[in-house]
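Dear colleague,

Please find the structure below, handed over for your use. My findings follow it.

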Amino acid sequence: MKRKSQIANFFRALWAVVWKDLSAEWRSRELLTAMLVFALLVILIFNFALELDARARASVTSGVLWVTFAFAGTLGLNRSMATEKDRGCLDGLLLAPVDRSAIYFGKAIGNLVFMFVVEVIVLPIYSVLYNINLFRPGLLLVILLGSIGYVAVGTLLSTMAVQARTRDILLPILLFPLVVPIMIAAVKASGGFLQDLPWIEVSTWINLLIVYDVIFVAVAFMLFDFVVEE
Amino acid sequence: MESKPRFLSILDSITAILFVVAVVMVFFYAPLERTMGAVQKVFYFHVATAWVGMLGFMVAAVVGILYLVKNERKYDIAGLAAIEISLVFFFIAIILGSIWARPVWNTWWTWDPRLTTATIVELIYAAYMMLRQGIEDPDRRARFGAVYAILGFLSVPLTFISIRLLRTIHPVVVGNSDPSGEGSFSMTGPMKTTFFYSLFVFSVIFVDLFWHRVRMGKLAAKVEELRLKVSA
């Protein structure tokens with residue numbers, strides 16, 4: 001009975017953190033607007049940088065998409081943690097008598113939702129602008145798995161980065177070398193689905209994404225306590 | 001101030017002698033490789049320095065875990081020492097590899113899995129150094145350093161696997177040989193002796209440098225402590 005109520009408490013705390021992030025964002029819409037406009041700008045820049053004609057598009061679309069998501073994601077991760085730190089919210093959260101991992105998962109789920117919103121808006125815009133159908137179940141699966149791993153590591157690292165003196169420049173430097181496996185696997189898998197390759201050629205990359213997600217969600221969950229300790 | 005331990009001085013001399021012997025062995029004992037000639041001799045120190053690099057990163061991850069569990073300053077000093085040494089040795093390994101690759105692969109650099117992974121590894125630990133520089137509070141610096149060392153070490157094998165899935169031309173000399181590797185060769189007896197001896201010597205060099213660096217780290221911590229005491 002006691003155990004059951006502990007689990008219920010954990011989920012209530014987790015949900016409270018997620019709800020706090022979502023409703024704060026719903027009122028200001030600062031972060032999502034910034035991420036979205038930034039994502040569209042990145043796509044626009046790629047259009048000039050790569051001369052995205054019909055032939056080039058088929059092969060580079062997955063790369064362009066993932067670079068866009070990664071850049072916009074960093075922006076969101078940094079901002080979401082910086083607001084916590086600046087207004088002393090993080091200290092308040094840590095003082096609350098809840099499990100620290102509930103805070104971690106709450107922040108991570110909030111970040112994940114922001115990333116999904118950006119992706120859900122970017123995909124149709126990209127589809128229209130470049131006349132290519134991006135709504136394929138396989139691609140959506142890759143985006144789901146890739147974003148989970150990216151956000152799992154990113155939430156932990158952004159918690160560290162905002163506590164450093166060099167915080168604005170630190171997060172991408174810490175994050176990008178660690179998410180190289182996600183980027184490779186996600187770009188390859190997305191490219192595979194877009195070119196209608198058979199499942200057998202894509203499954204390796206999907207497996208790699210799943211392995212990465214499992215390992216890093218577990219490790220970040222274990223290490224989060226140490227990065228918020230005072 | 002504590003003086004330099006006697007055994008450390010002895011280890012310094014032993015390391016120097018062992019290293020000179022290794023150089024002599026590479027140039028005079030190991031035979032010339034038939035197709036590649038003299039440039040193949042880079043290989044002995046290339047693998048040895050890369051090995052020391054990986055060893056240090058592994059040590060850093062292990063002492064990182066120990067630090068988080070036991071919360072003792074000495075583990076943090078050891079972690080920083082290991083990563084500093086390994087950054088330098090790994091860089092030497094990359095340079096030596098380029099020297100070898102120029103005549104054999106006909107290019108200084110190629111985006112092969114091991115080379116790419118090596119670059120990413122260097123970037124991970126450069127980020128580790130930047131993270132430490134950005135934090136003043138020694139306790140927090142130690143905790144964040146330990147966390148990042150663990151994360152970095154975990155991601156390296158995944159990075160390697162993911163790049164490996166995109167084909168390789170790097171030769172696999174030890175263990176099962178991959179015939180598709182360009183510039184692969186099989187080692188004769190004296191070559192093997194020289195190779196394993198180089199690995200051993202560089203491990204000793206690592207231990208020696210590590211000891212020096214840990215000692216320096218402890219002295220630096222003491223200086224910091226005294227400075228705080230004076231200014232207080």
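**Helix packing between the chains**

In this predicted model, α7(A) packs against helix α4 of chain B, residues 113-133, at an angle of about 150°, and the two axes are 9 Å apart. Since angles over 145 degrees count as roughly antiparallel, α7(A) and α4(B) are therefore roughly antiparallel to each other. The crossing in which α7(A) passes α4(B) is left-handed. On the α7(A) side, the contact is made by A:L170, A:I173, A:L174, A:P177 and A:L178. On the α4(B) side, B:I120, B:L123, B:I124, B:A127, B:M130 and B:L131 take part. By class, the residues of this contact divide into eleven nonpolar, no polar and no charged.

**The interface as a whole**

Taking the two chains together, 23 residues of chain A are in contact with 25 residues of chain B. Three helices of chain A, namely α7 (167-178), α8 (180-194) and α9 (199-228), each supply at least two residues of the side that touches chain B. The most is given by α9(A), with eight residues. The residues on this side of chain A comprise 18 nonpolar, three polar and two charged.

**The nonpolar core**

The largest nonpolar core holds 127 residues, of which A:V153, A:L209 and B:V147 touch the most other members. Helix α6 of chain A, residues 137-161, gives the most to this core, with 13 residues. As a general point, nonpolar side chains tend to be buried together in soluble globular proteins. Which residues does A:V153 touch, not counting those up to four places away in sequence? They are A:L175, A:L178, A:V179, A:F216 and A:A220. Of these, A:L178 is also one of the residues of α7(A) that make the contact with α4(B).

**A residue in α3(A)**

I also draw your attention to A:S80, which is found in helix α3 of chain A, residues 54-86. Is A:S80 buried or exposed? A:S80 is buried, because 21 other C-beta atoms lie within 10 Å and the cut-off for a buried residue is 20 or more. Apart from neighbours within four places in sequence, the contacts of A:S80 are A:D21, A:L31, A:G110 and A:N111. Between A:S80 and A:V187 there is a separation of 107 residues in sequence and 26 Å in space, C-alpha to C-alpha.

With kind regards

Key: Residues numbered from 1 in each chain as written. Chains lettered and ligands numbered in written order. Predicted model: local features only at pLDDT ≥ 70, side-chain atom pairs only at ≥ 80, totals over all residues. Contact = placed C-beta atoms within 7 Å. Helix = DSSP H or I, 4+ residues; strand = E, 2+ residues; numbered from the N terminus. Nonpolar A, V, L, I, M, F, W, Y, C, P; charged D, E, K, R; others polar. Axes fitted to C-alpha atoms, helices over the stretch in contact; angles between N-to-C directions. Parallel < 35°, antiparallel > 145°, perpendicular 65-115°, else oblique. Left-handed = near helix turned anticlockwise from the far one by under 90°. Core = buried A, V, L, I, M, F, W, Y, C linked by C-beta atoms within 7 Å. Buried ≥ 20, exposed ≤ 12 C-beta atoms within 10 Å, placed from the backbone.
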